[in-house]
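Thank you for making the time this morning.

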Amino acid sequence: MGDNTVKALQEKIREQLHNRNAILLAHNYQLPEVQDVADLCGDSLELSIKASETDAEVIVFCGVHFMAETASILCPDKKILLPVSSAGCPMADMITAEQLREKKREMPEAVVISYVNTTAEVKAESDLCCTSANAVQVANSVEKARPIFMTPDKNLARYTKKHTNRKIGYWNGYCVYHNSLTVEQIKKVKKDYPNAVFLAHPECRPEVLDMADEVKSTSGMIAYAADSDRKEFIIGTETGILHPLSKANPGKRFVPADPKMVCTDMKKTGLHEVLLALENLGPEVKVPEEIRIRAKRAVDRMLAVRV
Ligand code: SF4
């Protein structure tokens with residue numbers, strides 16, 4: 001798509017957003033042209049909280065299905081649009097509510113902490129939610145005598161276990177992209193950029209996290225890069241984040257830890273799809289009330305934990 005087409009589509013989107021009393025939220029992993037037309041960019045929870053604070057009647061959520069569900073959990077009175085209904089998260093789909101119920105029958109004493117990257121139904125079966133930024137604090141908030149079971153990401157669970165003194169079991173899920181980052185690849189990039197700071201996302205494997213200078217969520221990486229005096233950074237997460245990092249820090253260099261870390265679901269949403277969603281007011285994501293109330297309890301308990 002040429003620059004003029006991009007600009008024309010972005011203008012039409014802005015016009016429709018105004019007509020529909022809508023706001024556009026884009027995850028940090030979205031395509032650059034989608035992030036550029038958004039009202040707000042950020043991580044999934046950050047965006048859902050912002051969504052609940054606006055007066056807009058319609059939220060266009062450029063991200064994947066569980067994110068639109070989280071917005072629906074927090075903003076039941078707003079219309080939540082997910083421009084491409086097939087945009088999902090393979091990791092979130094690695095555990096179903098029935099599988100979690102089965103696990104809870106096996107471990108009735110465990111406190112279940114589910115990553116925000118889960119379906120609303122799985123959240124509804126959980127005691128608490130967590131994000132990659134607050135997992136350690138959420139685990140530490142649990143009564144000491146109780147064991148913890150974390151879903152769905154084994155890497156986030158192992159990271160949390162390492163940084164708490166808690167007994168933590170976990171589901172064997174993982175992000176296919178973060179889990180594919182290897183020690184060999186990091187050695188290679190570090191050799192090419194010996195002065196760079198290596199920032200890794202806690203969805204990466206433990207041996208990769210051991211090589212990181214800092215382990216950060218996506219919003220944590222953005223804040224860290226802005227505050228740092230360093231000029232080069234190796235970024236160990238989905239490559240979409242290179243766009244907001246480079247845009248906010250023109251004098252600094254950001255290198256992907258592995259250029260193959262491209263989440264295909266995150267790239268399904270283009271400007272055409274966003275415009276169509278606004279014109280049709282669909283596809284809509286709405287979590288059924290009975291599930292929403294139970295899922296919101298887990299999200300609220302997380303929000304009550306001081307970070
Ligand atoms: S990058 Fe990984 S965790 Fe994020 S949406 Fe894609 S598959 Fe899910």
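This is a predicted model: local features need pLDDT of at least 70, side-chain atom pairs count only at pLDDT 80 or more; totals for chains, interfaces and linings use all residues.

Let me begin with aspartate 210 and lysine 162, whose side chains meet in a salt bridge, with N and O 2.8 Å apart; by salt bridge I mean a side-chain nitrogen of Lys or Arg within 4 Å of a carboxyl oxygen of Asp or Glu. This pair links distant parts of the chain, since aspartate 210 sits in the loop between α10 (206-209) and β10 (214-215), while lysine 162 belongs to helix α8 (residues 154-162), and the two are 48 residues apart. Helices (H or I, at least four residues) and strands (E, at least two) are DSSP runs, numbered from the N terminus.

Residues are numbered from 1 along each chain as its sequence is written, and side-chain values use heavy atoms, with hydrogens and water left out.

Are aspartate 210 and lysine 162 buried or exposed? Both are exposed, where exposed means over 50% relative accessible area, buried means under 20%, and partly exposed lies in between (1.4 Å probe, protein chains only).

The structure holds 18 salt bridges in total. Another of them joins glutamate 98 to arginine 105, with the closest N and O atoms 3.1 Å apart; here glutamate 98 is partly exposed at 40% relative accessible area, and arginine 105 counts as exposed at 53%. Both residues also belong to a network of salt bridges that links Glu98, Arg101, Glu102, Lys104, Arg105, Glu125, Glu290 and Arg294. In a further pair, lysine 268 and aspartate 265 meet with N and O 3.2 Å apart; lysine 268 is partly exposed at 35%, but aspartate 265 is buried at 11%.

Now to the helices, and to α14 (residues 289-303), which has 15 residues and should span 21 Å at 1.5 Å a residue, in agreement with the 20 Å between its end C-alpha atoms; the expected span is 1.5 Å times one less than the number of residues. Which residues of α14 are buried? They are Ile291, Arg292, Ala295, Ala298, Val299 and Met302, and they cover an arc of only 130° around the axis, which puts them on the same side of α14. The arc is that of the directions from the helix axis to the C-beta atoms. As background, an α-helix has 3.6 residues a turn, so residues three or four places apart point the same way.

The buried residues of α14 pack against α3 (44-53), α4 (65-74), α6 (120-124), β6 (128-130) and α7 (135-140), with contact meaning heavy atoms within 4.5 Å. Two of these partners, α3 and α4, also meet each other, with Ser44, Leu45, Ser48, Ile49 and Ser52 in α3 touching Phe66, Met67, Thr70, Ala71 and Leu74 in α4.
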